[in-house]
Amino acid sequence: MQEQANGTSPRQSSCLVNGPIIVGAGPSGLAVAATLRQHSVPFTILERSNGIADLWTNRTYGRLRLHLPKVFCELPHVRFPPDFPIYPSKHDFLRYLHSYAAHFSIAPLFGRAVTQARFDEAAALWRVTAVADGGEVTEYVSKWLVVASGENAEVVVPKVKGRERFAGEVLHSSEYKSGERFKGKRVLVVGCGNSGMEMCLDLCEHGAIPFMSVRSGVHVLPREMLWSSTFGIAMKLLRWLPVKLVDRLLLLAAKMALGDTEKYGLKRPKLGPLEIKDVTGKSPVLDVGAWSLIKSGNIKVVAEVESLGCNGARFVDGSEMAFDAVIFATGYRSNVPSWLQDAGGFFTEDGKPRARSPASSNWRGPNGLYCIGFSGKGLLGAGNDALRAAADIAGSWLQEQEQAAAGISPV
Ligand SMILES: Cc1cc2nc3c(=O)[nH]c(=O)nc-3n(C[C@H](O)[C@H](O)[C@H](O)COP(=O)(O)OP(=O)(O)OC[C@H]3O[C@@H](n4cnc5c(N)ncnc54)[C@H](O)[C@@H]3O)c2cc1C
């Protein structure tokens, strides 16, 4: 890496990078870096936090396990250790990621938040601005830019009328660690996805009184069916059957295993669990124990929140209840639009690639732009993106090296 002062400010420097710039040292950034390493292509990773996998390290609750069986969550080239359980804990997963980074000698530049990236047409180079924790601003320059900043980069908290008046604690699920400190408290969990459901379960197990606010429909599926993972069964069926038929089979099996979820306030969406994931990105809930507590009334399902007041909430059905705390399990969003100048319109306003299938190349944009982990297919999808993108970059990097060796300067 060659570093030179650009003269505009004593705290700003410019840095021509050998190989691609990767934004983000989560599983996606690590997977593409490992694969580049295998192709002998150098790279620079810019990571805003002070360690790898910030989401898993700092923004997840203690009891979290991978939602999907381990075979669907491995990164390219390295299997999970055989003694890992089928659903590794977040601590297992972090252990794996740290040894993965060490194995491939991946050393990201930590504490570098990327605030801008633009393609300089004249130079045919990406100019990526990062601000270090100490305030120093550096422009990193490369022919290739890999976006691996994640679909979950920023928290989403809806604007709720009266929130400032609520006297109790308000937090996002990313700040929730354990139900221990909520013992005996009435806690409103807003949202009924995998995190919302599991936090309600955790609150119950710690002697709190959880209420789960549900706005739209949700598909709840048992995590296992017939001693196999539901996700695994669905993947196998999809090899032979169309998605609508697989959805019907899943819903039939779910009804047999769980009963009628609508009777307990959890309306099923019109689209099936796999189809809705494809169309909207919304994942079905794979139940890890919350469902039986909903049935027994230990977790109470309540309507959408209309507003918060000093001591509690008012719901759209007109009811009112007192609460000690409110937790927003309302998800995350990409932050790509806040820093990437995307003249080609490769990303949507939501910061996800416009093309949503690998066939239409959701991992490769124009001008040496790549995008890993935005296919809505979790860790498995990220691994596949990483393999394709790294091979593509390696091809053009090698060509450039050969031209340089032959004394031909790139156009
Ligand atoms: C609670 C929870 C459970 C999940 N369970 C599963 C599961 O079981 N299986 C599965 O496949 N998926 C699961 N997921 C989805 C999961 O987010 C992804 O599979 C995985 O973390 C994606 O990795 P990533 O590297 O793309 O994104 P992230 O893990 O979000 O990593 C992105 C990295 O980029 C960094 N970054 C962001 N913006 C910038 C910037 N501007 N400058 C510099 N750095 C930046 C972030 O700090 C972060 O380290 C789960 C998600 C959540 C929230």
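**A close look at one strand residue and beyond**

Mentor: Thr115 counts as partly exposed, because 13 C-beta neighbours lie inside 10 Å of it. The cut-offs explain the label: a residue is exposed with 12 or fewer such neighbours and buried with 20 or more, so a count in between gives partly exposed. Keep in mind that this is a predicted model. The mean pLDDT of the protein is 93, and 95% of the residues reach 70 or more. Residues 1-8 have a pLDDT below 50, and this stretch makes 13 contacts in the model beyond near neighbours in sequence.

Thr115 belongs to strand E5. If we set aside the residues within four places in sequence, the contacts of Thr115 are Thr129, Ala130, Val131 and Trp339. Take Val131 from that list: 16 residues separate Val131 from Thr115 along the chain, yet their C-alpha atoms are 7.0 Å apart.

Ala124 sits in the loop between E5 and strand E6 (125-132). Ala124 counts as exposed because 12 C-beta neighbours lie inside 10 Å. The phi of Ala124 is near 55°, which is positive although the residue is not glycine. Most residues other than glycine have a negative phi. Ala53 also has a positive phi, near 50°, and is not glycine either. Its place is the loop between strand E4 (44-46) and H2. With 25 C-beta neighbours inside 10 Å, Ala53 is therefore counted as buried.

Strand E5 and helix H2 both bring us to the ligand. The shell around the ligand takes at least two residues from each of helix H1 (27-38), helix H2 (54-58), strand E5 (112-120) and helix H10 (378-405). There are 34 residues around the ligand, and those that come nearest are Gly24, Gly26, Gly150, Gly373 and Gly378. Sorted by class, the shell holds 17 nonpolar, 14 polar and three charged residues.

Now the wider layout. The domain assignment gives domain 1 as 12-153 + 332-405 and domain 2 as 157-328. Their centres, taken over C-alpha atoms, are 30 Å apart. Where the two meet, nine residues of domain 1 contact 13 residues of domain 2. On the domain 1 side of this meeting there are four nonpolar, three polar and two charged residues.

Helix H5 (residues 230-238) shows how burial can be arranged. Its residues Thr230, Phe231 and Ala234 are buried. Viewed down the axis of H5, the buried residues fall within an arc of 100°, so they line one face of the helix. An α-helix has 3.6 residues a turn, so residues three or four places apart point the same way. The cover over the buried residues of H5 includes strands E13 (220-222), E14 (224-225), E15 (228-229) and E16 (285-287), as well as helices H6 (243-258) and H7 (273-280).

Last, a residue in another helix. Asp202 is part of helix H4 (residues 194-205). Asp202 counts as buried because 23 C-beta neighbours lie inside 10 Å. Leaving out residues up to four places away in sequence, Asp202 touches Tyr61, Arg63, Ser178 and Gly179. Tyr96 is 106 residues from Asp202 in sequence and 25 Å from it in space, C-alpha to C-alpha.

Notes:
Residues are numbered from 1 along each chain as its sequence is written. This is a predicted model: local features need pLDDT of at least 70, side-chain atom pairs count only at pLDDT 80 or more; totals for chains, interfaces and linings use all residues. A residue is near a molecule or strand if its C-beta atom, placed from the backbone, lies within 6 Å of it. Helices (H or I, at least four residues) and strands (E, at least two) are DSSP runs, numbered from the N terminus. Ala, Val, Leu, Ile, Met, Phe, Trp, Tyr, Cys and Pro count as nonpolar, Asp, Glu, Lys and Arg as charged, and the others, Gly among them, as polar. pLDDT is the predictor's confidence in each residue, from 0 to 100. Two residues are in contact if their C-beta atoms, placed from the backbone, lie within 7 Å. The arc is that of the directions from the helix axis to the C-beta atoms. Domain bounds come from an automatic or database domain assignment.
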